[in-house]
Structures are given as structure tokens and as C-alpha cells.
Amino acid sequence: MSFTHLHVSTAFSAHYGVSWPEELAAAAAADGATALACTDRDGLYGTVKHLKACMAAGLDPVVGVDLAVFDDDGDLRTQVGGRVVVLAHGHNNGAGYRALCRLISDAHARTTGKAGGAVPVAVTRAELASRTLHPETLKPVLTVLVGPDSDVGRAMGGRRYLRPRTLFKRWLDTMPPGTIAAEVVSQLSPPGEPLSTAHAVRMLKLAAEHGVPAVLSNAVRYVAEDGAATADVLDSARTLKSLPELSAAPLLQPNGQGWLKSAALMLQLGKEIMHSAGYGAADLKSLMAQTEALADRCRVDPVTDMGWKQPVVPEASVIGIAGDALVELTQRCEAGISRRFPGIIGKPAEELRSRLDHELRIIDSLGFAAYFLTVAEVSRMILDMGVRAAARGSGASSLVNYLIDVSQVNPLQHDLIFERFLSRDRATLPDIDIDVESAERHNVYRKIFERFGSERVTLMSMQNGYRARGAVRDAGLALGMEEAEIGDIAKQLWRFSARNFREALEEKPELKEFAGRVGQRGFSENQQLDLLVDLTERLDRLPRHISMHPCGVILGDATLLDRTPVQPSGLGLPMSQFDKHDMDPMGMLKLDVLGVRMQSAMAFAVREVIRLHPSKAEVVAAGAHPVGPDGAGPDYIAENGLIDLNAVPLDDEPTYELIRSTHTLGCFQIESPGQRELIGKLAPREFNDLIIDISLFRPGPMKSDMVRPFLEHRHGFAPEAYPHPDLKPVLKETHGVTVFHEQILKTFDVMTGCGLARADEFRRALGHEVLEGKVEEFFRKESRARRFSPAVVDKVWGTLKAFGSFGFCKAHGAAFAVPTYQSAWLKTHHPEAFLAGLWEHDPGMYPKRLLVAEARRLGIPILPLDINRSHAEYRVERVDTGPDRGKLGIRLSLNGIYGLSGTELKRIVAGQPYDSLADLRARSRLSKPSIQRLAQLGAFDSLHRAAGGTANRADLVHHLQTLQSRPQRKGLDVIEGQLSLPLGDVELKNLKAGLPEPTLVDTVRAELDLMAVDVSDHLMASHRPLLDRLGVTTADKLLGLRNGTEVLVAGVRVATQTPPMRGGRRVVFISIDDGTGCVDSVFFHEAQELAGPLLFGTRLLLIRGTTRRTGPRGISISASMAWDLSCTGTLPFPVPASGIPEDREQDPPGPLDGISRNLAITGLGG
Amino acid sequence: MGMFSESVDVACTPAGQPLELDWAGRRYTVCAEPVRWYERRQWWAEEQRAPLGSGPGLVDHEIWRVQVRPADSANTESPLTLDLTRHVGSGRWRLLRIHDALLPVRKPESA
């Protein structure tokens, strides 16, 4: 005998289910079941995983949902009467599954998509009824299980006889015949309680009375008894109440019997219920038979019912084509050839043709032509919006993508292999990712919905699982621990999985203190901490909620919403309940539209350039672009001054010069300390060097020492070596070192003749415990057969095995290198506009103040905040007075001032210009603290100067402070329509002078405090006298020093990194900025011990170390010791010749003293 | 009703249903069909640990309510109603509650 569980919640029932679909399916199959249901709460969150698990375990999947139903008597919008299980009937060409999807979408339609909304996820009974029949045949396609948690079941308590009957009758009256069944559940709870045998008997009798089929279930939440405690903790997390509170309510499950019981136990349970009801064997048989009959009806065929693995793309008519998709695609590629390769002839033309034919043949055989056209359509739509877009990822390997403008990388030029992207052996929809300006991402989403129709588009979701911090918080909540105490513990947990909490307690130094407490407390506290650890481990990885995926958009045809339930996302657009793992199984076309801040920054820069220089001639002059033989300037600049970044040739020498200088702060991908070091060593001369650089700077290559041999060969310090002459063409570009996936593919092909498509399959198998062995066998056999010597075979296999799993796809590198080059090009030619873009969109890894310091280093004037000249964004301005007159400077933005609200900002900008403080107050209605802060930042200095008063900024701030304490006078408002007399600013003019002018240090401190940026001067400048006494070397002088010179350097921390290193010993990289540039220092083990707590906790650092020359233009410091610069007493002042230390006057406080508000000033963490 | 927790020896049917028990030096026979359920425990207060894989018995325990008469008495004596629990790990039985607590009242341990 086998039994089918029809009511099972998986872990994807967030904060409810405990077990993963794979565990449940495996357990059911082991017990001899032939089918298993997945009925997650509120959605199909676990359904696709369930399908996969069932197929793997040889079970027929049953698909349903556990859904709340509104109370017909109560407030229809908020009152839930109970929950029912709705099962889809199978083998009806998806009619059941369609109805289920639509029903679930109905249930979510009224919710807001935001946490804590007032409207619950639920359907009305009428909605439920309307979905249960096939819209055409009117045959039932859904079955509703009315069980213990339904309104009927909930009314079973006490001795009420009539109430459950009335409620049950209502179901019978509303639901079409044949769509309802009674769900009989006994979890053997104490007699008379919910889920007791007595309640099961009542439900059974109710069903019998009305001639409704009854089915037996166990309302499963966990695969085995062990999960019951986890379920308790999840109940606590869901209801935000501690276990003692829930237990007293009582709101906890009555006991721990909601597990996936075996068929034998379920039969036993059935017997007990029958016995208790006074029924006999025939009735038992009928209960079990009805259960199996319903199960049979609900067995789903993944292929015919749910479209398993059948890719669906938008209809041809929607992408704007009339005929065959392949014909259309071919034609567009032809058009692309004349655009991308004008006048190509001879051998290159032949190569181009044969590559194109090859790609189109594969695309045709997979039937993906419409997919490419769809992506091209989205890409074109984005570009038409005037938004920057670039394909990333392996999509850059495709010539077709290049020809239809999806990608900006010519795969022929960079020798990229199509098979790395798509091959006959891999019939899954390929990933094409499109990077867009981050600031425009949501607009792009909306436009896609508009363009394709909301019935064909939905956002993809992602599952957010418990990680250590969240798990420990919720475990602590369940145990009723103090919030502050849990918070303290949670803060210590970082970057390890909750599952290894106990292990981590023993190993991680930052947890030592907590581990000590677990061992040392009194019994009850100790018990609590012990339990805390256990419960935290139980929660590990369990899904908590779904949210909008940061980039996935699902595109389909008009049936998309029949194939996935959707719910509102926080953005207001609908979001699928499926995540990225569900896309391929469900045949869903997913497009990754990523928001990239650098793209926004670059777009901003291009707009600033055209605003400042509104003609081609002006841009050419300003950017020192080549004028060309005819003096007309380059083609990539339009007559109106618009720069087409994608058309800029990739060989601009000044750009490479900038890159080689390692002054690459702000440039995409190459600004980190490690990258600047690598760039310095590698000294890129051409675009391919950038691709290699980006590909090398990955954890894998860095860890496995690929970089050093590569550099030695590149600079000719060591002869290049190839394992075999046949491999020379493959490895030439990287001097014999295997760097790219493409090289691994070609190596396989050269050595075994397997073809590139199979080679990519082999590459994927590398690192796989089972498959790798088979690949090795094949490789050795075939390469020996091709007369490669055993030594060569051994060596090459060693390389493949080692590098195969983490080598980098060259297409990725090439796609990344494009914005890298473009950003460096902008920094070279239009640094003011580029830096303004960086400040505005903050794309990089550093605190913004470092990029401000970079402007200062480049001699770009930083223009202070000004109530009339500053806007809501940074702007490039021509300086009209002072020593910088005529230069381009960057005006600070009003955005990002501490305490200034978005609406205040809008009002200020809308009201500009202002002729007086009174005018500002009247029209912008700024709060007093905001006015005061603006005064502190000098935003009124120009008004003040114009008014001609004698007071200074300190007087003004003082004046505003005293104003604040006085009650506001009425009657200052100007009556609408009446113009105020242009008196100038009497208030500012009459301001009493008295206070001393704020010092530069005070001003910088205010700037750091309120904007996290030091504007008026570099924050290190005021420490200069101290540094001179210490004998500190500045960043700009380091390059002139010999390798191995002992130096002292000092500055404010801008970055801290602890990358994984070869050998496993931690290495800490700390970068400091001293105003003349960045100093990158490295702390090895010994220096870390000496520096101790300074490593991670200090903002201002003094470091002693020796110089390490890293390349012709690169130098860094190998640290031996560090000090906290703000503790002057501890610093190593040189002892004067007299041998007696000088008397030092107390150093004045620096700009950072007394600031605790803004962490974004320095680069801590990591 | 008194609350006890003391060890008793129980003899069961092959299906695991109590038949006879030895308690306080006396043998009792189950005289009516027992009722069985699973009752929740305040495990977070009672247990020191709750690691994954603890198995059954952490969250609830199995309760058998039995009516018994002393084996050596005539059927005239009115039956006692007892709640028994079986420890999952050891399989040992404990007496949890006596509902008709007139007979041998012994030292109560804790409520």
C-alpha cells in the first residue's frame, strides 16, 4: 500500500515550512509513495524545485497552494476566515495549473508588495469558485480541501454543533459540484484540541453527511519529527512573539506530529480515526481510496501541464516581425555587417561569413532566433530611450549579438568563441545581461512592460534565506532574550553560514568573547546561549521572504501569467514567484537588466560636456581630441558636441598613459589598490591588455600564482614556455599562461579534437567530483592517440584541472574592459565632467571624499556650496573670479547634506535664486536646523558678501542659533502677488561682527560632519606640521625612492581589504590618502600582530614600512608598524641630536576630532 | 488531580498499547481501552540543547490515559485513571498524573 501526502509545506513556505523539496521527495519515495504534493503557503515558491525533486525521485508531482480565504461575514478586505488547500488537476493540458496560477495572482492582487501591509494575501470564496472550472469545458480543474485550518475546521472546537455545519454548507453552496473535498487530519493532539482525532472525526462525519469525499492528510510541515522544534522557532519569527508568549496564548502547534508520516503510520492513523468515529473497515478503505483517487486526479505532467523546459518567447508580431524569425535575424545580421564592417573584403570577409553562418546554424537548430530578436528589441528600446546600455557576460562571444547591436565587443577581434555562449550540446536559453545606467533601471523596466505589454512581462524574484545574523536574531527572539543582548551577539557574526555557528565559535577570534560566555555562565543563561546556538543552526538558509531580483526581467508571450503566479513588488510592478533557478525548467526567458552606477556616471559626464561645450569644435578643443587631417575632429563627436562613447576608438594613447600612471581612481574595475598595483606591473598598451588585466584580477588567478609567471613572460624576464608547440597559437596572447576559458576550450580541442562545443561541456565538468574523472580519462586517451607524449599530457591536464574551474571567460573580460576603457578615456579628456559624474552617482568602492581629493590632486577647483549656484546635482562650472579664473571647477551639490530633506531640496532648487535670507525662508520654507547647517557650510557666503556686512560665517551661525530660540515673528510672509521691495539683505548687512573667523580646521570639520567630504582643504593638511616633525614621506614622493627604502607614511584610511591569499594566511591591505595621492600598504602576519587593534579601528594612520616597487609607475609599502595619528603621545618622534626630547606644544585638534556621525568618511570594513 | 512523575513498569500489547503496570509494589490491569495523544513540552525551558537531528521527543511526548484496577482486587473496586508517558529515548514509562487521587498519595514532586 502506498499513501499520497496531499498537503505538504516545503521550506519555501517562508517562516512556516521546514524541509526542502528534495528531502521530502526522497523520504516519500523511500517509503514507496508514487506521488507527492507541494502546497506552499500563499504561492508556488517551492513548486519548481518540487517538480525537479519529484522527477529525480521518480514521483509524480502534485501541485497546489495553501491559501487564506476571506471571511464572507467579516470585513472583506482584511478579515480572513481560514485557510484551504487548493490542488490543480493534472493531465488536462495545463488547465488546472493555469487556474492555480491565476488564483494565486488574484490572492496577491490587492496587497501592496511591502512588508506589513494591511491587506492579507487571500481570495474571496467567489474568486476561488470562479477559478475551479475550466472556462470552456466547465469541467473541474481545481479541488479545494476544506480542512482543520478552514473556517469549518476552526469552528470545530467546543461543543458547537451547528456552526461548522452552517459554514460547511456555505462552501457547498458556493463551490461548483465536484470541486470540494473534506480534509481529515489528526495530529494526535490532546482530546478536544485542534488537530485532535476528535476533530478529525467531526470533519469526517460532516463530509459523510453531505456526500462530499473525504481525504486523509497530515498537514505536513517537516519531513521528520526533528523538524518540529524548527517549526516552533519559525512560528515565533512569523508572529514576532517569543516561544513562552506563543505557548501561553496558545498559538503554537499543539505538538510535533506534523511530519511526513509513512504510509503504514497514515493507515494506522486512519484506523484510529475510524475506530473513534465508530466506523468500520469499509469506511477506512473508502477514506484511503478517496485520498488516492484525488491524488491520481492531481498528478501533474510537468511537460504537458506546466511546459517543463519548453522555452517560450514573445510572439513574432510583438517583436515587430511578420515572417520567419530566422530569416529576419539573418537579414538584420546582414545589415549589421555593412554597419559594423563597412567595406570588408577578402579573407576577413570570408572569415566573417563563415563565423556568421556557423552561429546562425546553431541558433536555428536550437530554435532561438526569436530569442535573439527579443533581446535585440529590448536593447534597441533602451538605446532609443537615450540610456547607455552594454551587454556583459558570455553574450559578447557572439558575432550575431555584435551585428544586431546587443553587444559592443567584436568577437572576431578578440578571438571569442561562440560555443562558450551557446552550442548544440546545451539547449538552455543563454544568458544575455544588459548593463544600463543605474539611475534609469526602473524606467527601463517600466518601458519594457509598456513595450511588450504587462501580460508578457514580469520581474523575477529572489529567495532571501536566513544567514547567520538574521538567524541569531530570530532564534534569540524565540527564546525571549533581551534585544540588546541579541544585537550584541549578532554584530559579531559575519560571513559564515549559521550552520557552522558552533564550529565558528571555536575558531573565529572575533567570537572568542561570546564563546567564553557560552562556557562560563550560570546554568540558565548558559542553557539559553546553548539553545541559541542550536536554534540559529536550525534556521540556517531557510527562506525568509522573496524580493525583487536586482536585475531579472522575465519576458514571455501572452500566456506568461498562466505559467507563473505574480505578486506586487516593492516597485509597484508585478513580480513572479519564481526565482532564477526556476527560469530554465519553466522555459522562461530571463533578461538581466543590471543597473550599473558607472554607466550613470559616464552618461552624466557626457551630458555635462555637451552642456558646457555645446558644439563639436568646443568639445574637441576642451578634450584635446585629435582634429584629424581635415581639421573636422573625430566622428564620435556629433556636431552638437555629443560624444558617442561606444564609437570612441579603443586605441587612444593618452588614455593608456593615464592607466599606466596608476592614477586610475574612479575608473571602472581598475581603481582598487590591488588593481592599481597590477596595472602598474602590467603597464597596458592596448585593449587586449585591459581584458587580460581584468581577467587576471580574480581570486582564482591571484591565489594560484598565475600572475607572476604571466608578468615575467610579458616583460621578458623569463622565456615563454609552451607545453607543446601545437598549443602556442592558443596560449600566445597570454605568454603561455592559461588565463581564459576560451583557451581551455581550445586546448581541449587541440589535444583531443573534440570540437569546441564538447570542449565547453568538458570545461564545465572540471571540478565536478564525478564528471571530472571521466573527462580526464577521455582527455588522456584521445591526446595519447594523437601522439602527444605522456609528459605533455600530464602537464596539460594539470593545467586544465587547476585553472579550468576558475579561469575567466574572455568574453566577460572583454565586456568589462569596454566601460573600463571608456571611463579612463573620460578621465583623461574630460576630468571635470567625469569626476562630477562620479560624485553624483558614487559608483566605486571608495568614500566620496577620496574622489574629491582626486579632483584636488588634479588641480580641479572644488567650488563651495552656494545657495544660488548649487543645484540638486553636481555641476561643472567655469570659474569666473579668483586665482582659478577661467578653469573648469565642480560646484558642490545641495544633495547629500545631513538633515536636509528631499522636499526641502526640491523647494530650494525651485525657488532659486534668492536675494536674501528672508527670501529663502519665505519661499523654500527650510527648517531652522537646515538653514543653520547651510550657513555652517558657507552656502550663504556669497549673499553675505553681496550684502556688504562686516560679520563672518561664525557670526552668521551664531545669529541663526540665537534666532532659533526666539519665537517666530508673524507677518513676515509676502502676500501673493505683491512684490517685496528689493532692499538687499538687511539681516545679513546688519549682522553684528564679533566672533573670530572659523579656522580652516573648523570649516573642514563641519564639511566632514555634514557632507562626509572635506571641501575647503584636504583633511590631512592641518596635520602637516606634525607630519613634518615626524619626517613623513608623501605619496607623490614615494615613486622617486629606491626599492626597499624605509619610510613613514601617514593619511586617512580610504580602503581596507583582506583578500583570500595563497597559503591561507590573512593579508591586510590598507590604503591611506594623504592629499597628494594614495598610499597602498600591505600588512603581513607579523605587522598585523604589531599593529593589533589599529588594523581595523583607526581612521588616521601613521605607517612605517619599506617601499616595494610594483612596476614602472607603481609603488607600495610593506608595513612593519602602524600608529594612530590622533594619539600624538604614542608617535615615534625622532630624537634630536641633543638626546633630549624637545618640548612639544599640544597639537590642536584635527578636522576628524569630535566627528562620530559619518562612517562614509573613511574606508573601514571589508 | 495530582501531578506526579515517577517511574512505572508497563507491559504492552505487540501494538504498543499498555496492558498491565507495576506501580508502588502493586500490579494493575488496564480495564478499559486507553486513549493516546501527543502533548507539547516547553522544550525551550526544559532542555539544555536542541541541535539539529535531535530526533523525536523534543517538542512533544506521547501520553496514554489508562483506566486500571489492581490486578488482585475484584472488579468491584472503582478504577483509577492514570496518565502515563513513555520516554522516546529510553522507552521507559513514567506516571505523569493520577486523576482519581484518593489512593496511595505519595510524595508529590513538582507540579
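Biologist: Which residue of E18(A) is the bridge partner of A:Thr1056?

Modeller: A:Ile1070 is the partner of A:Thr1056. This is a predicted model: local features need pLDDT of at least 70, side-chain atom pairs need 80 or more, and totals for chains, interfaces and linings use all residues. Residues are numbered from 1 along each chain as its sequence is written, while chains are lettered from A and ligands numbered from 1 in the order in which they are written.

Biologist: What makes E17 and E18 of chain A a pair?

Modeller: Two strands pair if DSSP finds at least two bridges between them. Strand E17 (residues 1046-1057) and strand E18 (residues 1068-1073) of chain A are joined by 5 bridges, so they pair. They run antiparallel.

Biologist: What do these strands build?

Modeller: A barrel of 5 strands in chain A. The order is E17-E18-E19-E21-E20, and the pairing is mixed. On average, neighbouring strands of this sheet are turned by 55 degrees against each other, direction ignored.

Biologist: Which sheet of chain A is open?

Modeller: The one with the order E1-E2-E3-E4-E5-E6 in chain A. Its 6 strands show mixed pairing.

Biologist: What makes a strand an edge strand here?

Modeller: An edge strand pairs on one side only. In this sheet that describes strand E1 (35-41) and strand E6 (214-216) of chain A.

Biologist: How do E1(A) and E2 of chain A run, parallel or antiparallel?

Modeller: Parallel, with 7 bridges joining E1(A) to strand E2 (residues 60-70) of chain A. In E2(A), A:Asp66 stands opposite A:Arg41.

Biologist: Which helix packs on the sheet and touches E1, E2 and E6 of chain A, among others?

Modeller: Helix H11 (residues 281-298) of chain A. H11 also touches strand E3 (80-88), strand E4 (142-146) and E5 of chain A. Its direction makes about 90 degrees with that of E6(A). Axes are lines fitted to C-alpha atoms, for helices over the stretch in contact, and angles run from 0 to 180 degrees between N-to-C directions. Helix H7 (residues 197-210) of chain A lies across strand E5 (180-184) and E6, at about 155 degrees to E5(A).

Biologist: How many helices and strands does chain A hold?

Modeller: Chain A has 50 helices and 21 strands. They are DSSP runs, numbered from the N terminus: H or I for helices, at least four residues, and E for strands, at least two.

Biologist: How much of chain A is buried?

Modeller: 49% of its 1166 residues. In chain B, 24% of 111 residues count as buried. Buried means 20 or more other C-beta atoms within 10 Å of the residue's own, with C-beta atoms placed from the backbone.

Biologist: How many residues of chain B are in contact with chain A?

Modeller: 21 residues of chain B are in contact with 25 residues of chain A. Contact means that C-beta atoms, placed from the backbone, lie within 7 Å. The largest share of chain B's side, 6 residues, comes from E4(B).

Conventions. Buried ≥ 20, exposed ≤ 12 C-beta atoms within 10 Å, placed from the backbone. Contact = placed C-beta atoms within 7 Å.
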